[in-house]
Amino acid sequence: MRVDKGVSPQADFIAAWVWVGFGLAVVIAAWRMDRLESQGASLYTAPGLVPGILGAVLLLFGLLLALRAARAGGHRPRTVRRVADRHTRHVVMRVGAFLALGLVYAAGLVGRGGIPFWLATFVFVSVFILAFDWTRRRDAGQTAKGVLFAVAIGAGTAFVVSYVFQVVFLVRLP
Amino acid sequence: MFSGLIAFGHSIWNFVTPESLFYVFGSTLIGLVIGALPGLTATMGLALMTTLTLKMPSSQALLVLICTYVGAIYGGSRSAILLNIPGTPASAASCLDGYALARQGHAGRAMGIATSGSVLGTLIGMFFLALFTPLLGELALKFGAYEFFWLAVFGVVISGTLTGNDPLKGWMAGFLGLFVAAIGQEGIYAFDRFTFGNRDLAGGIALVPALVGAFGFAELLSVMKTHQAPVKINPFDSVIPKLVDVARHWKTILRSGCIGTFIGVVPGVGEDVAAWSSYAAAKRASKEPEMFGKGSIEGLMAAETGDNACVPGAVIPVLTLAIPGSAPAAVLMAAMLIHGVQPGPMIMVQSPQFVYDIVAMMLFATLGILFYGLTLTKLMVRVLQVPQTVMVPIILVLCTVGSFAIAGRLFDIWVMLGFGILGFILRQGNYPMAPLVLGIVLGDLLEKSLRRGLVLSDGSLAPFFTRPISLVIWVGIALIIALRFEAVRSLFRRLWPTRARAPFTAKE
């Protein structure tokens with residue numbers, strides 16, 4: 001079978017065991033599921049039948065992936081360790097910061113309720129633009145303009161999204 | 001034949017109202033912008049538009065969604081040609097020759113070719129949609145639980161095989177999707193599965209929030225991984241399509257239209273595969289294959305015709321079998337269900353006019369892309385220059401609202417976030433998203449069909465393997481899987497030295 005060249009065999013090997021573990025957990029959970037014999041259910045209509053089969057298939061695929069990755073040397077630790085360079089660190093920080101901001105907004109501010117949607121959106125969009133545009137604006141000597149821009153886009157987004165969804169399309173907002 | 005034409009004419013007439021035309025041009029423009037912006041895919045655009053159209057009458061809502069779909073697939077060509085970044089995965093093949101033409105100072109001509117290819121591709125697909133839906137609908141009436149079970153498996157397997165770089169990972173993503181569909185109360189005894197006592201989970205994982213997460217939030221995380229350089233756009237000439245480009249490549253257009261439609265019909269295999277397959281076929285048939293990748297008009301025409309022809313093609317199995325032909329078509333199907341339209345084998349019996357309504361919607365969408373293809377180039381250039389730092393938070397806001405609004409459940413926002421993070425992790429491991437989505441859509445069909453089939457046959461597996469249509473489908477599945485193993489392929493090569501060839505993949 002063709003091996004995926006984009007991911008290292010080591011990463012595939014580790015992922016394969018995660019799949020195997022997941023598949024096994026699903027099979028066990030499906031096996032232990034109530035078979036509802038008291039309600040007249042047969043083996044073919046037992047609630048755990050399909051999840052059990054799917055778990056077994058995922059387990060099998062996980063083993064195949066592990067075997068394939070092992071053949072490509074994935075079971076041996078990497079001889080050359082990748083050193084996290086500045087670029088990689090920068091990427092991790094960008095993604096991490098976005099994830100944190102996104103989770104705070106979607107799960108924290110909006111997902112839990114309690115704070116008006118427009119306010120949460122205004123704060124999130126403004127802070128996001130400020131945070132990710134800050135270095136560029138500071139280097140260009142445009143900090144005040146940057147703040148104004150971020151606040152304007154934040155306010156505009158909060159107003160337009162609230163208005164379009166609630167008033168024009170009559171859709172309920174969080 | 002004539003009754004079909006009359007029904008089609010009737011459908012067109014129904015949509016010639018100021019309100020409908022406003023929706024056509026408005027939603028095609030929204031689709032175009034969504035398609036052109038890297039980070040916003042057609043699937044996500046459709047999911048968001050499903051939310052916006054919740055309160056509309058079903059025909060208007062579906063008109064908006066189809067115009068958005070067609071517009072988004074076409075819109076991807078703009079960023080492919082001008083920036084060498086595919087706006088949607090469907091436009092990846094267009095980058096090769098589109099951007100090469102732009103660098104030679106022919107960006108306008110390239111956009112004209114994209115417009116003519118997309119318009120003609122949609123028209124060819126539309127023709128097949130009108131022709132084959134009634135025929136396939138009739139065939140689908142012969143399908144029972146056994147056939148539908150295998151069809152669901154086939155969808156996941158073929159989608160996993162063709163949509164990524166690695167079939168095994170595609171299948172894993174597909175079966176994970178099938179498992180996700182099993183979470184919550186099952187259909188026969190309302191028994192809670194994998195809910196851990198959570199009442200929200202008992203309702204199951206809703207498709208739209210999961211899709212918005214896998215295609216929206218995950219895509220945003222991927223976009224944030226790459227730092228956007230300032231956009232520099234090559235100067236361009238006239239965007240009016242040249243008749244000579246169409247006349248000279250009519251064979252390529254026809255071939256790509258047919259390939260695109262066929263790929264669309266195949267469950268879960270979408271516009272990107274259609275574009276690559278049409279591109280590969282055009283290269284094989286070309287008198288100038290060496291020009292491909294260096295600014296070949298034929299190559300760009302093939303890719304653009306193929307991906308847009310795939311759109312009506314992907315709707316054919318939705319209407320006839322309730323099995324989506326692509327990821328955006330899965331959202332379209334979900335939207336149909338939300339609006340009370342039940343796609344599937346009975347549609348030609350219960351509401352045949354609906355099929356012609358969909359064909360008419362495709363026609364209006366085609367007019368929309370033709371109009372904007374000729375007029376809106378400068379606006380699109382401005383849209384492409386919107387900085388990433390502005391676009392990303394606004395899209396996340398839309399993802400959050402879109403997930404919530406379908407059912408008004410805060411839980412769906414968590415589903416969106418969960419699937420976004422899961423989708424991002426899977427993408428890093430090169431697991432394709434389309435099979436995952438198809439798995440979530442087909443999970444219910446697979447489970448019901450298997451359990452119903454087993455009850456009908458009193459536990460015997462024989463009908464699953466011996467009924468004629470079932471036999472054809474499972475043999476097909478077995479062959480697709482077996483041909484991925486080198487040992488089987490070499491056996492085939494030894495048996496048929498000249499003929500045995502592995503099926504194509506998206507990247508070939």
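# Two chains, one predicted model

B:Thr195 is found in the loop between strand 2 and helix 9 (199-202) of chain B. Is B:Thr195 buried or exposed? Its relative accessible area is 5%, so B:Thr195 counts as buried. Setting aside neighbours within four places in sequence, B:Thr195 is in contact with B:Gly184, B:Leu201 and B:Ala202.

Now look at B:Phe196. That residue sits in the loop between strand 2 and helix 9 of chain B too. B:Phe196 is exposed, at 78% relative accessibility. The cut-off for exposed is over 50%. The backbone deserves a look as well. B:Phe196 is not a glycine, yet its phi is positive, about 50 degrees.

There is another case of positive phi. B:Asp458, again a residue other than glycine, has phi near 55 degrees. Where is B:Asp458 found? In the loop between helix 21 and helix 22 (462-466) of chain B. B:Asp458 is exposed, with a relative accessible area of 59%.

Next, the interface. On chain B, 66 residues are in contact with 67 residues of chain A. The two chains bury about 6,000 Å² between them. Of that area, 78% is on carbon and sulfur atoms. On the polar side, nine residue pairs are in polar contact between chain B and chain A, both partners at pLDDT 80 or more. Which elements of chain B give two or more residues to the side that touches chain A? They are helix 3 (42-52), helix 8 (167-182), helix 10 (207-225), helix 19 (388-405), helix 20 (411-428) and helix 21 (434-456). Helix 19 of chain B gives the largest share, 13 residues. By type, this side of chain B divides into 42 nonpolar, 13 polar and eleven charged residues.

What about charge pairs across the interface? Between chain B and chain A the count is two salt bridges. One pair to find on screen is A:Arg68 with B:Asp166, where the closest N and O atoms are 2.5 Å apart. That pair belongs to a network of salt bridges, which links A:Asp12, A:Arg68, B:Asp166 and B:Lys169.

Over all chains, the whole structure has 14 salt bridges. Let me take three of them.

Start with B:Glu186 and B:Arg451. Their closest N and O atoms are 2.8 Å apart in a salt bridge. Why does this pair tie together parts that are 265 residues apart in sequence? Because B:Glu186 lies in the loop between strand 1 (184-185) and strand 2 (192-193) of chain B, while B:Arg451 lies in helix 21 of chain B. Both B:Glu186 and B:Arg451 are buried.

Next, A:Asp133 and A:Arg137. Their side chains form a salt bridge at 3.8 Å, N to O. Both residues lie in helix 4 (residues 117-139) of chain A, four residues apart, about one turn of the helix. Both A:Asp133 and A:Arg137 are buried.

Then A:Asp139 and A:Arg138. The closest N and O atoms of this salt bridge are 3.7 Å apart. A:Asp139 is exposed, with a relative accessible area of 61%. A:Arg138 is partly exposed, at 46%.

On to the nonpolar packing. How many residues does the largest nonpolar core have? It has 201. The residues with the most contacts inside that core are A:Phe98, B:Leu319, B:Met336 and B:Ile358. Helix 4 (residues 58-83) of chain B supplies the largest share of the core, 15 residues. Zoom in on B:Ile358. Beyond its neighbours within four places in sequence, B:Ile358 is in contact with B:Ile66, B:Leu129, B:Val315, B:Leu319 and B:Met336. Another core, of eight residues, lies apart from the largest one. Its members include B:Ala93, B:Tyr279, B:Ala282 and B:Ala302.

Last stop, B:Ile253. This residue is in helix 12 (residues 250-265) of chain B. B:Ile253 is buried, with a relative accessible area of 5%. Leaving out neighbours within four places in sequence, its contacts are B:Leu120, B:Ile124, B:Val246, B:Met301 and B:Thr305. How far apart in space are B:Ile253 and B:Ile394? They are 38 Å apart, C-alpha to C-alpha, and 141 residues apart in sequence.

Notes. Residues are numbered from 1 along each chain as its sequence is written. Chains are lettered from A and ligands numbered from 1 in the order in which they are written. This is a predicted model: local features need pLDDT of at least 70, side-chain atom pairs count only at pLDDT 80 or more; totals for chains, interfaces and linings use all residues. Side-chain values use heavy atoms; hydrogens and water are left out. Contact means heavy atoms within 4.5 Å. Buried area is the accessible area (1.4 Å probe) that two parts lose on being put together, summed over both. A salt bridge is a side-chain nitrogen of Lys or Arg within 4 Å of a carboxyl oxygen of Asp or Glu. A polar contact is a pair of N or O atoms within 3.5 Å; within protein, one must be able to donate a hydrogen and the other to accept it, and residues adjacent in sequence count only if both atoms are side-chain atoms. Ala, Val, Leu, Ile, Met, Phe, Trp, Tyr, Cys and Pro count as nonpolar, Asp, Glu, Lys and Arg as charged, and the others, Gly among them, as polar. A nonpolar core is a set of buried Ala, Val, Leu, Ile, Met, Phe, Trp, Tyr and Cys residues joined through side-chain atoms within 4.5 Å. Buried means under 20% relative accessible area, exposed over 50%, partly exposed in between (1.4 Å probe, protein chains only).
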